[in-house]
Amino acid sequence: LSPHLNITVKTSMIREKLKLQLLRIGIMTSGLALFSFGSSFLLTFPPRDSVLTDSAGLQIVVLILGGLVIAVCCPLLFYVNRLLAALFPENHLCERPKQALPALEPINTHLEKIIFEHSREGIMVTDARGNIVNANPAFTKVTGYTADECLGKNPRLLQSGIHDTLFYQTMWNSISKAGLWQGEIWNRRKNGEAYLQWLTIHAIKPNEGDASHYVAIFHDLTDIRQHQEQIAYQAYHDALTGLPNRQLFQDHLDMALAHARRNSLKAGVLFLDLDDFKTINDSLGHSLGDALLQAVAKRLKECCRSEDTVARFGGDEFMLLFPALKENGHHLLEVVQRLLLTFSTPFLLRNDEITLTASIGVTVYPEDGADAAMLIKNAELAMYRAKEHGRNTYMLYTTVSYTHLTLPTKRIV
């Protein structure tokens with residue numbers, strides 16, 4: 001404990017002992033006064049046939065003594081009570097006296113200027129008519145407009161054109177009623193670039209009257225939003241090829257099947273596996289193997305429509321989804337043939353020509369599977385049957401032909 005705290009505790013202990021002694025004196029004095037008063041009452045008004053009735057002298061003496069005791073005890077009790085009240089107020093003895101909180105120092109003009117100019121958030125001030133009367137350096141850094149360029153102009157010059165009239169009406173209704181609005185808003189920089197910002201608008205109302213000024217405080221959300229989008233992209237895309245990963249492909253397939261059920265359509269699923277890719281990867285090196293996978297991904301995307309999905313499941317495995325197929329499914333077979341044809345052209349990597357082929361398994365909803373898991377499994381079975389038939393070809397899945405086929409236990413991932 002600190003010396004100051006030790007002194008405080010010892011002082012409190014002494015005061016407690018003193019208080020106890022004073023209380024004892026008060027109790028003893030009160031008891032003596034009550035005893036004297038009772039004795040005097042009994043001697044003055046003794047019971048009938050009592051021995052005290054014959055002691056007139058004793059009665060007088062006791063009455064005098066009782067009166068003296070009462071005369072002494074009453075003032076003593078009064079002063080003991082005053083002493084207790086002075087020494088021990090209502091607050092707890094060990095509680096330190098409350099100190100008055102320092103008053104907030106009023107912000108002077110110089111301090112306001114420093115805060116305004118060095119704030120990392122953009123600040124813009126308008127008058128009651130909405131004309132800009134001041135803007136800080138952070139405003140210029142974000143928007144590209146200097147304070148002189150904005151002076152006297154309406155903040156509409158920052159509008160991006162993304163929000164409709166209802167958006168701004170809702171904003172100003174909130175400012176009119178609550179004196180405040182905050183939220184995300186798209187604005188446009190001086191160079192024409194649209195950007196997202198978090199904006200807070202305060203209405204300054206002196207004396208609770210109409211607003212004399214409006215203060216807008218904002219910060220740019222571009223970096224934060226880009227970081228969030230990057231995290232989301234990495235969670236659903238293959239890091240090497242940029243293609244959708246297994247999870248995103250599964251989501252696309254589920255949506256395609258739901259659409260096909262509602263509209264009585266078909267959907268095609270292709271399982272494509274590169275032939276002898278492990279041999280090529282081990283012989284040429286993993287860096288060249290990665291470059292080859294990227295080139296394959298590019299060619300696969302070029303063979304498909306924008307509404308189709310090309311995904312990498314891992315290693316040398318790719319999945320392709322073709323939603324909303326025509327009734328005869330001829331488009332799917334045309335795509336399969338085009339995919340095999342594109343592998344006939346060698347891949348040129350670092351001045352080396354690499355010849356590569358692929359085996360493809362094909363399933364069609366609803367004939368080859370009623371859900372995503374069954375379609376993917378059956379497409380994989382068909383792909384392995386294509387490898388059994390010499391590779392560099394495709395196989396359509398049929399329930400009768402492939403009930404005996406099982407997946408291999410070893411896979412390249």
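A pocket is here an open set of points on a 1 Å grid over the protein atoms alone, with protein on both sides within 12 Å along at least five of seven lines, and its lining residues have an atom within 4 Å of a point. Grid points are joined across faces, edges and corners, and a volume is the space filled by probe spheres set on the points. The model is predicted, so local features need pLDDT of at least 70 and side-chain atom pairs count only at pLDDT 80 or more, while totals for chains, interfaces and linings use all residues. Residues are numbered from 1 along each chain as its sequence is written, and side-chain values use heavy atoms, with hydrogens and water left out.

The largest pocket has a volume of about 470 Å³. Its lining comprises 23 residues, and nearest the centre lie Asn-154, Pro-155, Arg-156, Trp-172 and Ile-201. At least two lining residues come from each of β1 (122-127), α6 (165-178), β3 (180-188), β4 (194-204) and β5 (213-220); helices (H or I, at least four residues) and strands (E, at least two) are DSSP runs, numbered from the N terminus. The lining of the largest pocket divides into 15 nonpolar, six polar and two charged residues, where Ala, Val, Leu, Ile, Met, Phe, Trp, Tyr, Cys and Pro count as nonpolar, Asp, Glu, Lys and Arg as charged, and the others, Gly among them, as polar.

The second largest pocket has a volume of about 260 Å³. Around this pocket stand Ser-119, Arg-120, Ala-138, Lys-141, Val-142, Arg-189, His-219 and Asp-220. Two or more of its lining residues come from each of α4 (137-143) and β5, and α4 gives the largest share, three residues. By class, this lining has four charged, two polar and two nonpolar residues.

Turning to the surface, Leu-111, Ile-114 and Ile-115 make up a nonpolar patch with about 240 Å² of accessible area together. Patches are made of residues with over 30% relative accessible area and no salt bridge, nonpolar side chains (Val, Leu, Ile, Met, Phe, Trp, Tyr) being joined within 5 Å and like charges within 9 Å; the areas come from the Shrake-Rupley method with a 1.4 Å probe, and for residues only the protein chains shown count as cover. Ile-114 belongs to helix α3 (residues 109-118) and, at 34% relative accessibility, is partly exposed. Buried means under 20% relative accessible area, exposed over 50%, and partly exposed in between (1.4 Å probe, protein chains only).

There are 14 salt bridges in the structure, each a side-chain nitrogen of Lys or Arg within 4 Å of a carboxyl oxygen of Asp or Glu. In one of them, the closest N and O atoms of Lys-266 and Glu-367 are 2.2 Å apart. Because Lys-266 lies in strand β6 (residues 266-274) and Glu-367 in the loop between β11 (358-365) and α12 (372-388), this pair ties together parts 101 residues apart in sequence. Lys-266 is buried at 12% relative accessible area, whereas Glu-367, at 48%, is partly exposed.

Lys-387 pairs with Asp-273, with closest N and O atoms 2.9 Å apart. Asp-275 sits in the loop between β6 and α9 (277-284), so its pairing with Lys-387 in α12 ties together parts 112 residues apart. Both Asp-275 and Lys-387 are buried, and Asp-273 is buried as well.

Terms used: 1 Å grid on protein atoms, 1.4 Å probe; cavity = no way out; pocket = protein on both sides within 12 Å on 5 of 7 lines; lining within 4 Å.
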